[in-house]
Amino acid sequence: MSTILVTGARAPVAVDLARSFAAAGHWVHLADSVTGWAARLSRSVTATHLLAPPRTDFPRFAAGLRDLVARLDPVAILPTCEEVFYVAAAGLGERVLAPPSAVLRTLHSKIGFACHARGLGLAAPETWRVESRADLGALPVAPEALVFKPDFSRFATHTLIRPTRTQLDAIDPTPAMPWAAQRFVAGEELCLWSFARQGRLVASVVYRPLWRHGRAAAYAFEAVECPGGLAIARTIAEANSLTGHLSFDVIVTPDGTVVPIECNPRAVSGLHLFDARPELARAMLGEGGAHAVGGVRYLGPAMALLGVPAAIASGRVRAFAGDVRRGRDAVGRIGDRRPAIGALIDAGRFGVRALATRRSPAGATTDDIEWNGEPIA
């Protein structure tokens, strides 16, 4: 048996990765700068480890991570969340299954990714860099036909879709914190998760969000057929000889064109659609490929805490009940139920942090690991 180190233990996808690698016969250690109770309570996790917060104390984070790697000697180090930027910068060599820092920056940047994708012939929307109020006034397209978002951002918490002039007055772009102004694309929004090894996709799935908190990450989803989406992932992976997670948000227009609107070089919910089978772990280690399962998967604790109120408020109780009946919980899986309890503890802790820091609940889950383009040192 060999050892795998997964970082970003706070994420439900980290628990499913642990299950997959454990099923493939590995010892799985998880690390993070907070205690991930869902991970800690999983029977698939050998041990969890606490690191310093990389965003505010990178030297101590990097030193702690290097010490952990020296003690565990893992065959692979697998980031899951935005800590990937700090893990990539920690000097751990080829055992890190993630792109180099320069590629991560391009893919994470709303402006840089659109430019990169268009350069490869993909149908990414026209995107302008906005560094000042003067830049806003000089845009060649009216705000009502654009989407605005910070260049480095997540969960769409600051995104303005076809805003009014009044809404646009509330943003303050600067050269240090630029915004992307992107041409609005009408159609159905889908998501994609994939994993690549040396430029070749070894696992990939396109999925439809069924239930989500605002515009943030979905907590119920189902796999769909979308060859155009997979072609986008294949093109980006090949162009960058990429190893690691590769995720996208895409719009399928009424004429069937698949338009990539942003890229996330980290794990997202689509990973749950592989049901933590050992084939996924083997594929990530370069042994064959893995295929997603059909049907609906959901995050049980989020369905209880967010889905039930949303269903009642929107009058979609019957649809919600139907999705629960035809789906399966990806947090409290059969044979490993206790992570569902841990996820409730994690949700409560991040809720308290959100109140204390006056951030959104989604923002509170990433405030110590997110990366917004600043130097890492």
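Strand 5 and strand 8 (residues 179-183) run antiparallel and are joined by four bridges. Strands here are DSSP runs of E, at least two residues long, numbered from the N terminus. Two strands pair if DSSP finds at least two bridges between them. Thr127 lies opposite Gln182 of strand 8. The model is predicted: local features need pLDDT of at least 70, side-chain atom pairs count only at pLDDT 80 or more, and totals for chains, interfaces and linings use all residues. Residues are numbered from 1 along each chain as its sequence is written, and side-chain values use heavy atoms, without hydrogens and water.

An open sheet is built from four strands in the order 5-8-6-7, with antiparallel pairing. Strand 5 (127-130) and strand 7 (160-161) are at the edges; each has a single partner strand, so one side of each lacks a neighbour in the sheet.

Strand 12 (residues 244-252) pairs with strand 13 in the antiparallel sense over six bridges. Ser247 has Asn264 in strand 13 as its bridge partner. Five residues separate the two strands in this hairpin, where Gly256 adopts a positive phi near 90 degrees. Strand 13 (residues 258-264) is mostly covered, with seven of its seven residues buried (under 20% relative accessible area, 1.4 Å probe, protein chains only).

Three cavities of 30 Å³ or more are present. A cavity is a set of points on a 1 Å grid over the protein atoms alone where a 1.4 Å probe fits but cannot get out; lining residues have an atom within 4 Å of a point. The lining of the largest cavity includes Pro79, Leu97, Gly244, His245 and Arg266.

Technical notes: 1 Å grid on protein atoms, 1.4 Å probe; cavity = no way out; pocket = protein on both sides within 12 Å on 5 of 7 lines; lining within 4 Å. Points joined across faces, edges and corners; volume = space filled by probe spheres on them. Buried < 20%, exposed > 50% of the residue type's maximum accessible area, 1.4 Å probe, protein only.
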